[in-house]
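Subject: Structure handover

Hi there,

Here is the structure I promised to pass on to you.

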Amino acid sequence: MSAAAGENMRVDGDRLWQSLMEMAEIGPGVAGGNNRQTLTDADAEGRALFQRWCEAAGCEMGLDRMGNMFARREGTDPDALPVYVGSHLDTQPTGGKYDGVLGVLGGLEVVRTLNDLGVKTRHPIVVVNWTNEEGTRFAPAMLSSGVFIGQYETDWAYQRTDAAGKRFGEELERIGWKGEEEVGARKMHACFELHIEQGPILEAEGRDIGVVTHGQGQWWLQVTLTGRDAHTGSTPMAMRRDAGLGMARILERVNEIAMAAQPDAVGAAGHIDVYPNSRNVIPGRVVFTVDFRSPDREKLDGMKAALEADAPRIAQEMGLGCEIEVAGHFDPVTFDEGCVAAVRGAAERLGYSHMDIVSGAGHDACWINRVAPTAMVMCPCVEGLSHNEAEEITKDWARAGTDVLLHAVVETAGVEG
């Protein structure tokens, strides 16, 4: 690496933080965080701001049929494949200001810093905003990066519906962010994603940087229990077919399954819908999603198999119907050794304390790793709290993570001169 990319090359932490705060003004939550769910008007507004910033930094914006945004900074070699960097701008309904957003705006800060220093890279650099990473409004999570790598078909993704029955494809058109570019047509030299840890390990260990070596695999299983709506006051206990009680018993089993698979395994319910959801009606139907995760594929698949065996048995004993379908899945991930080494080396050169870490959450990088050399950089977050409006990081953590991202990207993209 040339002197231009030496240890003195650092991002502008104040500018990065200001960008994070400006983006957080779009789709504000009720408790200091954000509600900028995918394909909402707030999402469209956040996208427009990101595009303005990218174009001001001299980038050309591309847009594919899933609404994935690609801001390209040209390299000196017209035949060199780009180095991609980014994450997502959509949030949970009660999300924080940093989950995903740090990775996108950190990528933009990399470009801004290279512009400030007049550094040219041989490979182009592309800052990406992946659509619908969270999967809250339209399941599954990481939907558009999944389409990008061929895990899902575009037309299938367009038919995903939200709780109000609105379709992904129609909402993408409505907000004006459906592009013409074929999804997955782009080829990558490498890809990096910066993200807050969303866990307590880095803060507890007092480390500035997490070098992400692996990602947990995941099964999302949607369970539908069907009983019978009935009056809560006048229906004898022995004559009830209570779908809500059935869910409670199955979720107790979910916890037992995950505890039996320790260490390195987790399981819980996430999304829950109860019908008719009335104070004086015994639930006749419930739909809930069970989330199992582990970096060990045998454990991961074993937890899924255990639930698929036990849930129907529990339901049958209670006189309930039971259907289980896969709502989302990805195998455990081992990130590219070369990209991981670039992240680790950058942290060491810059003097940041660091440790290897496994990502407990799913990220777009987990899909992209299938089609291009990929790695992740993590910074701490306060008490490991995320998917919560109280999610918080420090300006120093954000700057350190983006410094490491900058150096890993530049090393991979190559410096001219």
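Below are my notes on cavities, pockets, strands, cysteines and one methionine.

First, the ground rules. This is a predicted model, in which local features need pLDDT of at least 70 and side-chain atom pairs count only at pLDDT 80 or more, while totals for chains, interfaces and linings use all residues. Residues are numbered from 1 along each chain as its sequence is written, and side-chain values use heavy atoms, with hydrogens and water left out.

**Cavity and pocket**

Both were searched for on a 1 Å grid over the protein atoms alone: a cavity is a set of points where a 1.4 Å probe fits but cannot get out, a pocket is an open set with protein on both sides within 12 Å along at least five of seven lines, and lining residues have an atom within 4 Å of a point. Grid points are joined across faces, edges and corners, and a volume is the space filled by probe spheres set on the points.

The count comes to one cavity of 30 Å³ or more, and the largest cavity has a volume of about 60 Å³. Among the residues that line it are Tyr152, Gln218, Trp220, His329 and Trp367. Strand E12 (321-330) gives the largest share of that lining, three residues, and E7 and E12 each supply at least two. The lining has seven nonpolar, three polar and no charged residues (Ala, Val, Leu, Ile, Met, Phe, Trp, Tyr, Cys and Pro count as nonpolar, Asp, Glu, Lys and Arg as charged, and the others, Gly among them, as polar). Domain 1 (13-215 + 332-416) and domain 2 (217-330) each give at least three residues to the cavity lining; the domain bounds come from an automatic or database assignment.

The second largest pocket holds about 280 Å³ of space. It is lined by 16 residues, and Ile201, Gln216, Val358, Ser359 and Gly360 are the closest to its centre. Strand E14 (residues 354-359) contributes the most to this lining, with three residues. By class, the pocket lining divides into nine nonpolar, five polar and two charged residues. This pocket lies between domain 1 and domain 2, because both give residues to its lining.

Helices (H or I, at least four residues) and strands (E, at least two) are DSSP runs, numbered from the N terminus. Strand E11 (residues 285-294) has nine of its ten residues buried, so the rest of the structure largely encloses it. Buried means under 20% relative accessible area, exposed over 50% and partly exposed in between (1.4 Å probe, protein chains only).

Strands pair if DSSP finds at least two bridges between them. E7 (residues 217-226) runs antiparallel to E11, joined by ten bridges, and tryptophan 220 has aspartate 291 as its bridge partner in E11. Strand E9 (residues 266-275) also pairs with E11 in the antiparallel sense, over eight bridges, with isoleucine 272 opposite phenylalanine 288.

**Cysteines and a methionine**

There are zero disulfides in the whole structure, a disulfide being a pair of cysteine sulfur atoms within 2.5 Å. Cysteine 191 has its closest cysteine sulfur in cysteine 339, 8.4 Å away and too far for a bond. Cysteine 191 is buried at 2% relative accessible area, whereas cysteine 322 is partly exposed at 25%.

Methionine 247 is found in helix H8 (residues 243-260) and is buried, with a relative accessible area of 12%.

Best wishes
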